[in-house]
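The points are grouped by topic.

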Amino acid sequence: MADQKHPVSFPQNLIEPVSQFLKSQLTNLEKRKKEIETDDPFLIPGRASDNASPDTDAEEQFGHARASAIKLELDRKIIQTRRALARAKVGKYGLCTNCGDMIDTDRLMIYPEATLCVKCGNKREKK
């Protein structure tokens, strides 16, 4: 666990570019979510009526399921990105929320929204 008397944190000059990247990523995610919402066949005005052919109905069902799955994943990613931005704002970005140790920078480069170090992440996956 991190020493409480001497809290560890990333230097601000490293956090600022990460924050800018996360803000840009958040904008892109929100834009993509709006695009997916407009692609959902269930939300298209004048969509096929109840007496549509079975293949049209199946196509709509598949399109809706696809759009819903992508939207759910985008929602999850948006939440993670907002959390990472909040942690950067309060000076806790890059610290494991479980043990308080610094998250490896290689992990943060691949997954900038990470809130757990590799060790704690592996423990959580095994549960």
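The structure holds zero disulfides, a disulfide being a pair of cysteine sulfur atoms within 2.5 Å. Cysteine 96 is in no disulfide, and the nearest cysteine sulfur, that of cysteine 120, lies 3.7 Å away. This is a predicted model, in which local features need pLDDT of at least 70 and side-chain atom pairs count only at pLDDT 80 or more, while totals for chains, interfaces and linings use all residues. Residues are numbered from 1 along each chain as its sequence is written, and side-chain values use heavy atoms, with hydrogens and water left out.

**Cysteines**
- Cysteine 120 is likewise in no disulfide; its nearest cysteine sulfur belongs to cysteine 117, at 3.6 Å.
- Cysteine 120 is buried, with a relative accessible area of 5%; buried means under 20% relative accessible area, exposed over 50%, and partly exposed in between (1.4 Å probe, protein chains only).
- Cysteine 96 is also buried, at a relative accessible area of 4%.

**Helix α1**
- α1 has 28 residues and reaches 40 Å from its first C-alpha to its last, close to the 40 Å expected at 1.5 Å a residue; the expected span is 1.5 Å times one less than the number of residues.
- Helices (H or I, at least four residues) are DSSP runs, numbered from the N terminus.
- The buried residues in α1 include Ile15, Ser19, Leu22, Gln25, Leu26, Leu29 and Ile36.

**Aspartate 39**
- Aspartate 39 is found in α1, which covers residues 12-39.
- Aspartate 39 counts as partly exposed because its relative accessibility is 45%.
- The C-alpha atoms of aspartate 39 and arginine 66 are separated by 9.6 Å, with the two residues 27 apart along the chain.

Terms used:
Helix = DSSP H or I, 4+ residues; strand = E, 2+ residues; numbered from the N terminus.
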